[in-house]
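User: Could you walk me through how to read a few features of this model? I would like the general idea and then the case at hand.

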Amino acid sequence: MQPVFLKMINNKITYICIALILLLAPKVWAQDDEDEDFYGQQLVKEVEVENPVYKPVLSLGTGVLHFLGDVTSQNSNPLVGDIGYKFNISTFVGENNYYRLNFFLLYGNLQGHDFELSRQMQSNTDYLTQNNEGNLIFHNSTFKTDFFELGVNLEYNFGHWLGMKRRFRPYFSIGVSPFIFDPKGNIYNQAEENYHFWDDGTIRNLPQSHHNAFQANEITFDDEWGTDLLRSDFHGIGNYTQTALVIPIEAGFDFYLSYRVNLRVSTSLHYTFTDLLDNFNNQAAEKYGLEGDGFNDMFMFTNFSINFDLFSDPEMIKVDLFFAEIDFDYDVMFADQDMDAIYDRLDECPDTPSGVEVDSVGCPFDSDLDGIPDYMDEEANTPSGVVVDDSGVQISEDKLAEMFEKPTAVRREEAEVIPVAPIWTRSITFTPGEIPSKFKEVDKDGDGYVTFEELLEAVEKFFDGTLDLTVEEIYELNTFFFSQ
């Protein structure tokens, strides 16, 4: 019977083995799946679709509407205004896809208020009308109109010059569309008081000429547009149609985020064939003794939109192959430079001489393991652990001792000087114990002896150009040093 602790150890080992199997098995299966996936992918090729069929593209956009007409706001920035929304369907026309036909719906509201125009309209009460109670209605120039524009335009993408394969592409378009509008006015505030425009630039609840004007309070415009300007006819314009023809001219850029999605940034000018979007024209201006601008109303729409190409043919398709196309370099994979039947990519000794027998990694055999291959070894059975020379021959202990023996020091007078330059071969004699006058500057300590350190310093100064000696004199100094 096994002890209890041995059973516990065996049980733990069993649990660990089971856990390892559960952990490793999915990886093995996954590896098999990856291998199958790899070979399966070799039989599939992705190719570009030739002459794809393009279907209509949908887009949604939003931007800023900025009114341009008789009644304008103080801010002339085209990026200041009301929010507009645009839905567009486009399709290519023509063989080269340089043109698009767009069908669009634009919805939003336009508004404006000219403070100075409102002040001039109220400056003479003879121009004002009365309500049912006989009280004067103080007109102002404020207006706001919801509108719908349903139209079509032709777009050109400059493909003739820029080509079609671009991430960033400009375009230009022009079109025509009907336009429906309904101008409303803000004549009264929530307390049913008229807005009165004073010369000091404020808006108050009493006219500036009122006898209690000193009690007038400043008020602000609310967002109540409850007055139908066409029905009220404050300006004596009479009845007019609330539909008009519009010519939209647009320019912008497309940023292609992917084959099926692109971001469009654009601005468009919409020229309308009416001057009554703001319920104010030349006829109304004449009523108040003013001069109209003489132009039809216009507005700008600066926006961005996202285009979705959901239905066109894909850019790339996968084609099943009967045979795998593998980019394989046979010359590299099966190269054998030294012709020893071991491929270079596996050969650990790639320069084995021709005819030499090699092992499985391409290296020559070394039977006695002395580091010298058999084909170079002049002593085939060298004992293990001995030192051998380049030919595989054992080096004797005496020879090794000579190689590592330290040489005995030699006294200077016993050393033999071997000339190393032609000038040393000249017969130059020196008077013992006396330094030649031209070398006295080398003797720094003036002891009548040139030391080795003083000789080295002189040579360094010679090469630095600070010692006034010639090359031959340097050689003579060297000879003098060894003759001392």
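User: Is Phe 481 buried or exposed?

Analyst: Phe 481 has a relative accessible area of 4%, so it is buried. Keep in mind that this is a predicted model, where local features need pLDDT of at least 70, side-chain atom pairs count only at pLDDT 80 or more, and totals for chains, interfaces and linings use all residues. Residues are numbered from 1 along each chain as its sequence is written, and side-chain values use heavy atoms, with hydrogens and water left out.

User: Which other residues of H9 are buried?

Analyst: Helices here are DSSP runs of H or I with at least four residues, strands are runs of E with at least two, and both are numbered from the N terminus. Besides Phe 481, the buried residues of H9 are Glu 473, Ile 474, Glu 476, Leu 477, Asn 478 and Phe 480.

User: What do the buried residues of H9 pack against?

Analyst: Contact means heavy atoms within 4.5 Å. The partner of the buried residues of H9 is helix H8 (452-464).

User: How does the length of helix H9 agree with its number of residues?

Analyst: The expected span is 1.5 Å times one less than the number of residues. Helix H9 (residues 471-483) has 13 residues and should therefore span 18 Å; its end C-alpha atoms are 19 Å apart, which agrees.

User: How many aromatic pairs are there?

Analyst: Rings of Phe, Tyr and Trp (its six-membered ring) pair if their centres lie within 6.5 Å; planes under 30 degrees apart count as stacked, over 60 as edge-to-face and the rest as tilted. That rule gives 21 aromatic pairs. One of them is the tilted pair of Phe 179 and Phe 181, at 6.1 Å centre to centre with 35 degrees between the planes. Both Phe 179 and Phe 181 are buried. Phe 452 and Phe 481 also form a tilted pair, with 6.1 Å centre to centre and 45 degrees between the planes. This pair links distant parts of the chain, from Phe 452 in helix H8 to Phe 481 in helix H9, 29 residues apart. Phe 452 counts as partly exposed because its relative accessibility is 44%.

User: Which residues do ring pairs link into a cluster?

Analyst: The cluster joins Tyr 99, Tyr 156, Phe 158 and Trp 161. Phe 158 sits in the loop between S7 and helix H3 (159-162). With a relative accessible area of 27%, Phe 158 is partly exposed.

User: Where is Met 339, and is it buried or exposed?

Analyst: Met 339 is in the loop between helix H6 (330-333) and helix H7 (397-404). Its relative accessibility of 68% means that Met 339 counts as exposed. Met 339 has a positive phi of about 55 degrees, although it is not a glycine.

User: What volume does the largest pocket have?

Analyst: Both pockets and cavities are found on a 1 Å grid over the protein atoms alone: a cavity is a set of points where a 1.4 Å probe fits but cannot get out, a pocket is an open set with protein on both sides within 12 Å along at least five of seven lines, and lining residues have an atom within 4 Å of a point. Grid points are joined across faces, edges and corners, and a volume is the space filled by probe spheres set on the points. The largest pocket comes to about 850 Å³. It is lined by 46 residues, and the closest to its centre are Phe 92, Arg 100, Arg 169, Tyr 256 and Tyr 259.

User: How many cavities of 30 Å³ or more are there?

Analyst: The whole structure holds two. The largest cavity has about 40 Å³ of space, and its lining includes Asn 140, His 235 and Phe 280. The second largest cavity has about 30 Å³, with Lys 86, Phe 104 and Glu 250 among its lining residues.

Terms used: Buried < 20%, exposed > 50% of the residue type's maximum accessible area, 1.4 Å probe, protein only.
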